[in-house]
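Dear colleague,

Please find below the structure that I am handing over to you. My notes on what was found in it follow directly after.

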Amino acid sequence: MLQATLDVLGDDASIAGLITANAADAIFLMDGEGRTLYTNPAAERMFGWSSDELLNSLLHNIVHHHRPDGRPFPMEECPLGDVFVTGRTLVAHEDVFFHRDGRQIPVSCSNASIIRDGKVTGGVLIVRDITDRKQLEQQRDLLETELVHRIKNTVAVIQAIAQQSLQGDDVNAVRETFLARLSAIGHAQALVAANYAEDAQLQVVLESTLRPFTSEASCATLSGPPVALPPKQALTLSMAIHELATNSLKYGALSVPDGKVTVSWTVDPDQERQRLRLVWTELGGPAVRPPARKGFGSRIIEKVLSADFTGKVDLDYDPQGVRCSLDGFIPARSSTPR
């Protein structure tokens, strides 16, 4: 292995060895056929194979053997294969490689050929793991979509509140009621935007989120023990409750004077975390019909909520009223109420 490396690198081997051994990026040295001659420690950590296991094996067939969707990806079709055929250098293109355990790793790659006497005698592949960046991009895209969706929902909520509030002959009272509800919406939105810099009490999260939607205290009943939520879970729960309340105000129990919403929860210790069971129930509203299709709001409720609480969410469109239940977990560090 060492001699093959020296043959390719020539007199610069000692310098190259020092650089590659201490580099944060994965670095692979290959012969003219694409067989692995050297991998640095970062490459072993990034992909899970030892240098000895990769030695003399076609690197493409190990870390790049198929496309992310499962389709075959022959070496001659990939950028690395092109380097060996054409002798070109490809800088900083993005791709997806595979860890030894099968999981996908989004990467940024630079491929360079080694040419001696006009012939491609080897290649260098430098790989940077960009998983964190991709996750941040996905979160940004989700938040942007949620922002647009929330703006549309807020307009719909204001319209519904106006219809409920702007009634009666006492103009001053009607105006005060309407403005108070608009102020409550602003307060709740600011609380969500702040992203709860600290752990937040579950009941406070619910009260703040529901305040713009409930004209009377009896419209919403909250019951459960004190429990604190970490920032991300507090934000996600607020988003989900906002979606449920918006739909209820437009179509469900909160759209009629006699409609009611109850939110109840229990918390049980489970070793290093707490198990949270929370149920949203609507009663006294119009007969419920399941939606023809599930939109972004349902995705927030069912997908994001279940993921952030590492649990299960059931959304039941019972004719008597919508019922949503969450069975998930809270980190134990948030078990002590503030």
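What percentage of the 338 residues of the protein chain count as buried? The share is 44% of the 338 residues. Please bear in mind throughout that this is a predicted model.

Overall composition

The protein chain holds 11 helices and 12 strands. Its exposed surface comes to about 18100 Å², and carbon and sulfur atoms supply 54% of that area.

In soluble globular proteins, nonpolar side chains tend to be buried together. In this model the largest nonpolar core has 36 residues, and the members that touch the most others are Leu-202, Leu-237, Trp-265, Leu-276 and Trp-280. At least two residues of this core come from each of α9 (202-210), α10 (231-251), β9 (260-270), β10 (273-283), α11, β11 (312-318) and β12 (321-331). The largest share, seven residues, is supplied by α10. Leu-202 illustrates the packing: leaving aside neighbours within four places in sequence, Leu-202 is in contact with Val-227, Leu-229, Leu-237, Trp-265, Leu-276 and Leu-278. There is also a second, separate core of 23 residues, and among its members are Leu-59, Met-75, Leu-80 and Leu-125.

Strand β1 (residues 26-31) is mostly covered, with six of its six residues buried. In a regular strand the side chains alternate between the two faces of the sheet. For β1, both faces are covered: Ala-26, Phe-28 and Met-30 are buried on one side, and Ile-27, Leu-29 and Asp-31 are buried on the other.

Strand β1 runs antiparallel to strand β5 (residues 119-129), to which six bridges join it. Within this pairing, Ile-27 has Ile-126 as its bridge partner in β5. Strand β1 also runs antiparallel to strand β2 (residues 36-39), here with three bridges. In that pairing Met-30 stands opposite Thr-36 of β2. Four residues lie between the strands in the hairpin of β1 and β2, where Gly-34 takes a positive phi near 95°.

Thr-36, in strand β2, has a relative accessibility of 1% and therefore counts as buried, the limit being under 20%. Apart from neighbours within four places in sequence, Thr-36 is in contact with Leu-29, Met-30, Leu-54, Leu-55, Asn-56, Ser-57 and Leu-59.

Strands β4 and β5

Strand β5 pairs with β4 as well: 10 bridges join the two, which run antiparallel. Val-107 stands opposite Asp-129 of β5. The hairpin of β4 and β5 has two residues between the strands, and Asp-117 takes a positive phi near 55° there.

Where does His-99 lie? His-99 is in the loop between β3 (90-98) and β4 (104-116). His-99 is buried, with a relative accessible area of 12%. Not counting residues up to four places away in sequence, His-99 touches Met-46, Phe-47, Gly-48, Trp-49 and Ile-105. A polar atom of the His-99 side chain also lies 3.0 Å from the backbone nitrogen of Asp-101.

Asp-308 is placed in helix α11 (residues 296-308). With a relative accessible area of 18%, Asp-308 is buried, because the limit for that class is under 20%. Beyond neighbours within four places in sequence, Asp-308 is in contact with Lys-232, Gln-233 and Thr-236. Asp-308 and Leu-235 are 73 residues apart in sequence, and their C-alpha atoms are 9.9 Å apart in space.

Cysteines

How many disulfides does the model contain? The count comes to zero. A disulfide is a covalent bond between the sulfur atoms of two cysteines. Two of the cysteines may be noted for their burial: Cys-219 is buried at a relative accessible area of 9%, and Cys-324 also counts as buried, at 5%.

With kind regards

Definitions and conventions:
Residues numbered from 1 in each chain as written. Predicted model: local features only at pLDDT ≥ 70, side-chain atom pairs only at ≥ 80, totals over all residues. Heavy atoms only, no water. Buried < 20%, exposed > 50% of the residue type's maximum accessible area, 1.4 Å probe, protein only. Polar contact = N/O pair within 3.5 Å; in protein donor to acceptor, adjacent residues only side chain to side chain. Contact = heavy atoms within 4.5 Å. Disulfide = S-S within 2.5 Å. Areas by Shrake-Rupley, 256 points an atom, 1.4 Å probe, with all protein chains shown as cover. Core = buried A, V, L, I, M, F, W, Y, C linked by side-chain atoms within 4.5 Å. Pairing = 2+ DSSP bridges.
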